[in-house]
Amino acid sequence: MMTNIKKIPLAFGSGVFELNIPEKNISTLILPSEPEKQENGALLIRKTLENPINSKRLSEIVNPESRIAIIVSDVTRPTPTAKILPLLFEELYLGGAKDENITIIFALGLHRQQTEEECRKLLGNEISKNIRFVQHDRERCAHIGETSFGTPVEVFEEVLDADLIISTGTVEFHYYAGYGGGGKSILPGVSSEKAVLSFHSHYSKLFEGEPLSGRIDSPARKDIEEAAGLAGLQFILNVVINSRKEIVAAVAGDFIQAHREGAKYVDSIYKIKVEPADAVIVSCGGFPKDINLYQATKALENAIPAVKAGGSIVLVAECAEGIGNQVYECWNKECRSPDDAIERFKQFFEFGGHKSAIVAKAAKQFKLYIVSKLSEEESRRAFFIPAKSVQEALEAILAENPDAKIHVMPDGGWTLPVRK
């Protein structure tokens, strides 16, 4: 009997893997409900800058004397900064702002420094030539208070020196803060190491509870917003982008109200109701979502609600830069079993180690496969079963259960399945 085979392309780094899967085994192709017709991204940004939420227009806030700090995303984030900035500058110039009074700051959090070339590419030619830009330096932070969670608010001096702090970014789901964007550019974006570690350490207390992704009431979001308020973040310009990295929505204005509007938009496109299946094959959606395992685990977490307990998850993630975090790598070497990692995490929060515990928790509930450029040893240490291709992983699942119903998530970094 001929089985009908469906071909599904899955992004892998900058390339594609093709999955050939019998139609009878496909449960759902879990795709975002992205708008068919695309409004022009520049138009969306211009419109939101002209009608900011709960705020005056930037052109009414600035004057020729204003010293302005603009915080932008680093290379691990898909924010189309080079498309956003020219429109933001247009609005600032309207109010008389001067180039020499503007500094662009890359929010690195605890990520690596970027190369000069990466910085220039993110900003675009024109702006990187004319405007001073610096990278966040966690050694040069000033202490300005504490949040009600006890997180020290210690922010990069270059940010605090400005009369006006503007932050740009992308609103998307985040495993811990509920959503990216908004005040997250301040904490952890431009905060001291001590502040970031303290902020993340609360996560170990929340680790056992329900997933926090896609929850606007995530305690971390409240912590972030208190810190951003103390730092004096005044205005945000955030975008929502689709899987093709096109801008589908933009919000501007008050860093809390505007962010909430962005989150509503993200929900309407990317929260997808599903019945759990026997297995899920999930691609992060390619570069930069799968630049390393540290980033790729976000897609793994998003996939969890779509699988029955005891089922399988196949993570398709190139990981060209390996594990992507030294502490995460150490934990993977030192924790012999998922139980080790979970126990260690409960005893002792260490930034980076949280990723090991997240995967360990999933590995106890599901069979985890990974298709990546990591070595077999690295994959196994991270509690995954390595597969050379998506096809090989699929065959392993079907060998155990030929009738397995499988969800396929081509945009796992973006999409959040929610149980029906």
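**Close-up views of a predicted model**

View 1. Leu29 stands opposite Val408 in E19. This is a predicted model, in which local features need pLDDT of at least 70 and side-chain atom pairs count only at pLDDT 80 or more, while totals for chains, interfaces and linings use all residues. Residues are numbered from 1 along each chain as its sequence is written, and side-chain values use heavy atoms, with hydrogens and water left out. Strand E3 (residues 26-29) runs parallel to E19 and is joined to it by 2 bridges; strands pair if DSSP finds at least two bridges between them. Strand E15 (residues 277-283) also pairs with E19 in the parallel sense, over 4 bridges, and Ala279 stands opposite Ile406. Strands (E, at least two residues) and helices (H or I, at least four) are DSSP runs numbered from the N terminus. E19 (residues 406-409) is covered on both faces: Ile406 and Val408 are buried on one side, His407 and Met409 on the other. Buried means under 20% relative accessible area, exposed over 50% and partly exposed in between (1.4 Å probe, protein chains only). In a regular strand the side chains alternate between the two faces of the sheet.

**View 2. Helix H9.** H9 (residues 257-270) has 14 residues and spans 20 Å from its first C-alpha to its last, close to the 20 Å expected at 1.5 Å a residue (1.5 Å times one less than the number of residues). Its buried residues include Ala258, Gly262, Val266 and Ile269. Seen down the axis of H9, the buried residues fall within an arc of 140 degrees, so they line one face of the helix; the arc is taken from the directions from the helix axis to the C-beta atoms.

**View 3. Two aromatic pairs.** The structure holds 8 aromatic pairs. Rings of Phe, Tyr and Trp (its six-membered ring) pair if their centres lie within 6.5 Å; planes under 30 degrees apart count as stacked, over 60 as edge-to-face and the rest as tilted. Phe12 and Phe17 are edge-to-face because their planes lie at 65 degrees, with ring centres 4.8 Å apart. Phe12 is buried at 12% relative accessible area, whereas Phe17 is partly exposed at 23%. Phe106 and Phe133 are also edge-to-face, with 6.2 Å between centres and 90 degrees between planes. Phe106 lies in strand E5 and Phe133 in strand E6, so this pair ties together parts 27 residues apart in sequence.

**View 4. Lys355 over two rings.** The charged end of Lys355 sits over the ring of Tyr175, 4.4 Å from its centre, and over the ring of Tyr294, 4.6 Å from its centre. The criterion is NZ of Lys or CZ of Arg within 6 Å of the ring centre and within 35 degrees of the ring normal. Tyr175 forms one aromatic cluster with Tyr176 and Phe199.
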